[in-house]
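Work through the exercises below with the sequence and the model at hand. Each task is followed by a solution in steps.

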Amino acid sequence: MFEGQPKGLFALALANTGERFGYYTMLAVFALFLRANYGLSPAIAGTIYSAFLMFVYFFPLFGGMLADKFGFGKMVTTGILIMFAGYLLLSVPLGGDTFALVVMLAALLLIGFGTGLFKGNLQVMVGDLYNDPQYKDKRDAGFSIFYMAINIGALFAPTAAIKIKEYAETTLGYSSNDAYHFSFAVACASLILSIAIYYIFRSTFRHVEDTRVKGEEASGSPTNGNATAVASGEELSKEETKQRIVALCLVFAVVIFFWMAFHQNGLSLTYFADEFTANSASGLQAMCFNVWNLVAIIFIVYAGFSLFQSKTSKGKIISLIVIALAVCFLCLQYDPSGTIKVSAPIFQQFNPFYVVALTPVSMAIFGALAAKGKEPSAPRKIAYGMIVAAIAYALMAFGSLGLPMPQTEMGADGNPVAVHVADVTPNLLISVYLILTFGELLLSPMGISFVSKVAPPKYKGMMMGGWFVATAIGNQLVVVGGLLWGAVPLWLCWSVFLAVCLIAAVFMFVMMKRLEKVC
């Protein structure tokens, strides 16, 4: 799956891995931090949480516009510096008064704007690596690898957030609320790593740092490896440009509802983990909550693929050794009588674990279908992704039947505190995250690949920004989970997300011919 890819892909993917590790470390505990530190209700905490996610994905629109004018590379570097300032500000423990709240909001604004300059433009650069004819058939696979790298960073984030918070409490003696800020400080260190990787390996992708469409390029004299249509001396007609933009906007409209449902992982699904899911585990189940056990499973999956795909005896032997070592590690980790504490944020590690572990499986399946000429188009994959997300929330609704309403009580500091009222098996959330990940693999990397392929060259940065605006709107709608929490029965809360995913899927299938026309 890694063969034949441009070298710049791996450099850009690793740079993004560092940034995403810091982002998801902060996000893993952010919703709980808002409620604990400021005494906010689930609805208000959800409003701030969703607004932050909205800004993170809305600002790439402006980042794309600026990159179309000043170049992608400059905006990526500027974005990292602004994000660093935001995370640094967020990592300072100032208490829970109004001043601290204002500083926190200012930090979120900086992080959102910096991410807007960094995230979308980095992905445009990845897409431009595939304008070279020798790589054009590797685009979807390349974005799957890029997406997998993002999730490697996200995989370790919940564990890092929990461990650094516990260290600040038990070893350094900080209060529970102040200890959260140490989790946020991890993001500063990860950004230093990210920018280091970017500049050390810059030579592998320097040719796509500035692929703005200049006047001479638009008239048919391309330079610097622009989009395929331009690079071949062809210019899209106004009608073709319009068709592509309309198709992209239709896709944007659909993905809004996927992200509305998917990003409940940091809000209502985390509330569910905190208040309704068993906070301890033992035996095999306990092993699921150790990130290094999950890493061992990932090694088994990849070594298994290598075993069957390797063309040499040496490669097969190495693969067998890796599998044997990973299995031995897991056997040593197993303790049939041991019980561990399960913290709510740790559930957020399962989605990135599934993404990393299942990406080669997904690529193998679609590779086999492509070889037979039966691979679904990107729009069709997106529609299937919406159906899969609906199935995840159907399972959540079924698993929540008969559960009581969320409850709160007043803490010693006078702030409301959520009450743990049930001990639902952790397997429910683990299964739901698995199903949601299937939907994500069908929708997210394929959607980004679709945008990079279909976007008119003159508006490539803006259209990638449009993808993020759609994501931003979906993230703003994440607040629905916070508003419904405690206001309606749990099964009805999950049924809302089930319904919107199904409606979006139906709309996608109705528009399928128009969408596939521009592929």
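**Exercise 1.** Against which helices do the buried residues of α3 pack?

Solution. This is a predicted model. Begin with the residues themselves: in helix α3, which spans residues 60-70, Pro60, Leu61, Gly63, Gly64 and Ala67 are buried. Next, look at their directions from the helix axis: they cover an arc of only 160°, so they lie on the same side of α3. Then list the partners: the buried residues of α3 pack against α2, α4, α5 and α18. Finally, inspect the position just after α3, where Gly71 takes a positive phi of about 110°.

**Exercise 2.** How many cavities of 30 Å³ or more does the structure hold, and what lines the largest cavity?

Solution. Count first: there are three cavities of 30 Å³ or more. The largest cavity contains about 340 Å³ of space. Its lining is made up of 28 residues, and those nearest the centre are Tyr24, Tyr57, Tyr147, His263 and Glu440. Assign the lining to elements: two or more residues each come from α1 (7-38), α2 (42-58), α5 (98-128), α6 (139-170), α10 (238-262), α15, α17 (427-454) and α18 (460-476). Of the elements, α6 gives the most, with six residues. Sorted by class, the lining has 17 nonpolar, eight polar and three charged residues.

**Exercise 3.** Which residues line the second largest cavity, and how do they divide by class?

Solution. Start from the volume: the second largest cavity holds about 60 Å³ of space. Its lining consists of Phe33, Tyr38, Leu89, Leu90, Val92, Leu94, Gly95, Ala100, Val103, Met104 and His181. The largest share, three residues, comes from α5. By class, the lining of the second largest cavity has nine nonpolar and two polar residues, with no charged residues.

How values were computed:
Residues numbered from 1 in each chain as written. Predicted model: local features only at pLDDT ≥ 70, side-chain atom pairs only at ≥ 80, totals over all residues. Heavy atoms only, no water. 1 Å grid on protein atoms, 1.4 Å probe; cavity = no way out; pocket = protein on both sides within 12 Å on 5 of 7 lines; lining within 4 Å. Points joined across faces, edges and corners; volume = space filled by probe spheres on them. Helix = DSSP H or I, 4+ residues; strand = E, 2+ residues; numbered from the N terminus. Nonpolar A, V, L, I, M, F, W, Y, C, P; charged D, E, K, R; others polar. Buried < 20%, exposed > 50% of the residue type's maximum accessible area, 1.4 Å probe, protein only. Arc of directions from axis to C-beta. Contact = heavy atoms within 4.5 Å.
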